[in-house]
Amino acid sequence: MVAMLLASQALDVSAQECDSLVQTAFGTTAREDLLGGVSSVNVSELLKKDYYVNSLDDLSSLVSGYSGNNIWGQSPLIIVDGSPRESAYVRASEIESITVLKAANAVALYGSKGAKGVILITTKHGKEADLSVDVRANTGVFVAKSFPEYLGAAEYMTLYNEAYRNDGHTEKDYYDAATIYNTATGTNPYRYPDMNFYSSDFLKKAYNQTDGTVEIHGGTDKARYYANFGVEYADNMVKYGDKDNDKDLNFHVRGNVDMSITKWLKATTNAAINIHNDYRGRGDYWNAAANMRPNWYTPLVPIDMLDEENKAMMDMINESNNIIDDKYILGGNNANQTTVYGDMLKAGYIKGRTRSFLFDELLTADLSGLAYGLSFSAGFSIDYWNDYNEAFKVDYATYEPKWSNMNGKDVIVGLQKYGEDKNSTNEYVGQSYDTQTIMARFQFDYKRSFADVNNLSATLLGWGYQQAASRDNGHNNSDSHKISNLNAGLQVNYNYDRKYYVELTSALVHSAKLAEGHRNALSPSVALGWRLSNEDFMSADFISNLKLNVAYSILNQDIDLNEWYMYQGSYNASGKWYQWQDATQGGWAAASQRGDNKDLDFIKRKEFRIGMEGGLFDNMFTFEVNYFNQLTDGLVTNGGSTIYPSYFNNIGSFLPYANFNQDLRKGVDFSVYFNKQFGEVKSSLGFVGMAQNTEAKKRDEYYADAYRNRQGKDLSTAWGYECEGFFQNQAEIDAHAKQTFGEVKPGDLKYKDQNGDDIIDGKDEVELGATSPKFFYGINLTLSWKNFTLFMLGTGQAGAVDFKNNGYYWINGNSKYSEVVRGRWTEETANSATYPRLTTGNNANNLRNSTFWKYSKNQFNLSTIQLTYDMPSEWFEGKVVKGLSVYFNGRNLLMFSKEREYMEMAIGAMPQCRFFNFGVKVNL
């Protein structure tokens with residue numbers, strides 16, 4: 001029976017689905033024979049009700065234990081058609097299924113690089129059928145959720161004056177009253193600028209994305225084929241200058257062919273080409289929007305306000321190559337001799353070019369003539385990926401105007417020129433990145449049933465790949481590196497009448513990162529299963545399926561060995577200054593940087609897992625749950641705190657890398673589905689998620705104060721200070737422990753002295769919470785009535801904190817002021833203030849992580865809604881068009897959270913957007 005209902009097939013639970021196969025490590029497994037820690041989504045079916053482009057979108061709402069591209073809290077290996085690849089190499093429309101391998105026993109055959117989880121992406125293939133063509137077109141708009149709110153120039157100058165006075169400058173204000181008044185009234189926006197980067201002068205209300213896909217598939221018993229042709233276009237939100245031309249254009253072509261060469265030999269060939277072109281006008285617009293003070297310079301200097309009698313100025317204008325709209329020259333000042341305005345209008349562009357080519361070849365031989373149930377397969381793949389820029393850049397001059405008032409009229413009486421206008425007609429190639437990946441594997445498979453109840457299968461394989469990457473940093477320098485993985489594997493599966501299961505897996509892994517004699521290791525795994533629902537004593541009619549499984553695994557990995565030759569000591573030729581004995585001079589001499597440790601070993605994932613899956617009331621309810629306890633043992637440290645004596649780090653460092661630290665992850669992942677038909681309405685509701693705790697189980701550390709130990713704390717623990725409010729007066733400051741982070745005045749934050757030493761310093765940092773959620777979940781709902789289908793997805797998380805420590809909140813010196821400073825501390829607002837006093841200094845005392853800036857990341861996101869109408873099939877009988885569907889969908893729609901406004905706000909980047917789309921699919 002079904003162990004876990006596919007989220008994408010939740011409408012119908014049929015016998016055919018029960019017998020369906022799931023892609024697993026180097027093969028397929030009947031769904032009812034899975035032994036836990038594996039989830040699968042039929043993307044081909046999912047796209048009928050949930051259209052999206054990127055391959056891994058929406059998985060968090062459909063797969064338990066998966067969130068934010070992590071599996072059980074760790075970053076997985078992505079496998080596309082058997083080869084390690086980026087998920088961006090393949091679009092959702094090309095994919096047949098995605099399998100998420102979470103448990104250690106499920107990933108053991110992938111060796112070292114798969115030890116943190118694996119995502120298997122399997123592309124579509126043709127079937128024995130007549131030629132069929134599917135055409136899909138979509139167009140939609142992105143609409144910004146919100147924009148940051150920054151102060152206008154007049155309010156900014158007023159509050160900057162306050163900050164200036166707070167710092168002891170009481171003799172006069174930094175900005176005079178007349179300047180503030182004229183700015184506020186908009187008397188002359190060129191003399192008194194007020195830059196607003198979030199106005200309609202610069203930004204569109206919405207921007208477009210359009211894509212189209214053509215799929216061709218069919219075949220005979222001799223050959224089956226599948227082809228996919230796709231194009232995507234998106235423009236940009238900024239409409240000023242050359243940024244108005246910003247766009248992305250992608251082309252994708254895939255062809256998969258399966259051939260039956262003989263009765264015993266089959267071949268599969270896959271090839272794909274991806275072409276990405278983008279255009280970016282120069283200028284870091286969003287960075288300027290977040291940081292450029294509104295009054296800092298005049299962006300455009302009006303020519304008609306120049307003193308025409310000033311020949312030197314007029315000569316400057318006549319010599320300029322960059323007259324904007326026949327009205328302006330580019331403004332600037334000594335601190336901004338190039339500006340975002342000048343960049344966007346005159347500096348040129350960057351064209352991004354990304355190309356990738358993917359090729360797979362797989363041969364499969366049926367060797368039943370030698371031994372019944374025996375087969376052999378060999379595969380090879382090679383990928384090329386290249387990314388480079390074609391750029392055009394022109395230098396330009398900017399001008400700082402000197403203003404005067406003549407006869408009651410503002411006139412520019414002087415110009416300070418910065419830089420020179422230059423000409424260029426040449427594009428050049430900027431940074432270039434290249435990657436080549438080669439994969440090869442072979443495997444023998446044996447599968448046979450004896451007496452219809454003894455089911456045996458076995459796999460013996462060798463698998464390896466190497467990825468070579470190189471980079472040319474704008475012709476100034478270059479670098480290259482390789483990533484390799486090589487392992488052999490053996491897996492034996494036995495089940496008796498699909499009631500009792502045994503799975504034994506072992507992988508022999510190899511790593512060149514370790515010293516000789518330590519480069520090979522064995523990774524064993526054992527899993528057991530018991531289908532209780534097939535036992536005679538389990539006779540309850542409402543139990544459709546109930547199976548227990550348990551597994552223990554030890555996987556060796558070198559993913560967390562971040563460098564090559566970490567086992568080897570090293571010296572620096574001029575690493576230490578030595579004083580001569582007469583104390584008159586000295587000199588640099590060689591010093592040890594690191595000691596030897598030839599016994600440095602693999603890091604181990606030691607995992608115990610127990611799971612249960614089942615179905616109730618004829619699979620009206622289906623569920624799966626897994627408890628895992630995962631210890632990552634032997635993480636590398638230099639042992640300077642607890643392992644080696646202090647003199648190892650006295651003259652130079654003789655501290656070697658050693659396997660010592662441990663991380664513990666334990667939790668429960670679950671999926672629950674409810675499927676029922678109410679009259680003509682078919683419904684499916686799914687709830688997936690994971691509750692997880694992490695712990696720094698063992699650490700090489702020493703702190704005099706036990707509360708500062710990282711050992712025993714969450715792996716994502718944030719450290720900071722416990723804030724006790726604002727200092728209200730100097731007397732409070734004098735009576736409090738001395739804070740050592742800079743100048744402290746009334747209105748600054750007050751921190752708790754944790755160790756009672758009457759000093760506030762790094763020793764007073766405490767645990768403030770975990771930045772990774774303890775609980776995350778996804779919800780999916782399908783409602784079908786006649787030819788209408790409503791589909792909804794949502795995700796949520798709880799138990800994590802973060803800090804409002806970006807430039808919107810952490811304001812110092814010459815920072816741009818956001819609306820939060822309106823709640824600043826003053827003597828008048830001392831009892832109601834929500835923000836520290838303003839200062840023109842570095843604000844070091846206030847701008848550090850503390851409970852004052854902490855917020856909860858608890859949230860629920862309504863991520864997708866789609867309504868689909870499939871036109872009745874009888875409308876198309878005997879016609880060229882065999883089927884037609886239309887749909888409307890929205891993505892990234894709503895967030896429910898106490899901190900929604902902050903979390904939806906993008907600082908220094910393009911705003912978060914909702915996406916509204918209309919699509920049509922035609923079957924020919």
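1. A residue is called buried under 20% relative accessible area, exposed over 50% and partly exposed in between, with a 1.4 Å probe and protein chains only. A335 is exposed, since its relative accessible area is 60%. The residue lies in the loop that runs between strand 16 (328-330) and helix 8 (340-346); helices (H or I, at least four residues) and strands (E, at least two) are DSSP runs numbered from the N terminus.

2. The model is predicted, with pLDDT of at least 70 needed for local features and 80 or more for side-chain atom pairs, while totals for chains, interfaces and linings use all residues. Residues are numbered from 1 along each chain as its sequence is written, and side-chain values use heavy atoms, leaving out hydrogens and water.

3. An open sheet of mixed pairing contains five strands in the order 3-8-9-6-7. Strand 3 (38-41) and strand 7 (83-84) are at its edges with a single partner strand each, so one side of each has no neighbour in the sheet. Two strands pair if DSSP finds at least two bridges between them; strand 3 and strand 8 (residues 95-101) have four, in the antiparallel sense. V41 is opposite I98 of strand 8.

4. Two cavities of 30 Å³ or more were found in the whole structure. A cavity is a set of points on a 1 Å grid over the protein atoms alone where a 1.4 Å probe fits but cannot get out, and lining residues have an atom within 4 Å of a point. Points are joined across faces, edges and corners, and the volume is the space filled by probe spheres set on them. The second largest cavity, of about 40 Å³, has Q74, A115, K116, Q557, R605, Q630 and T632 as its lining.

Note on methods
1 Å grid on protein atoms, 1.4 Å probe; cavity = no way out; pocket = protein on both sides within 12 Å on 5 of 7 lines; lining within 4 Å.
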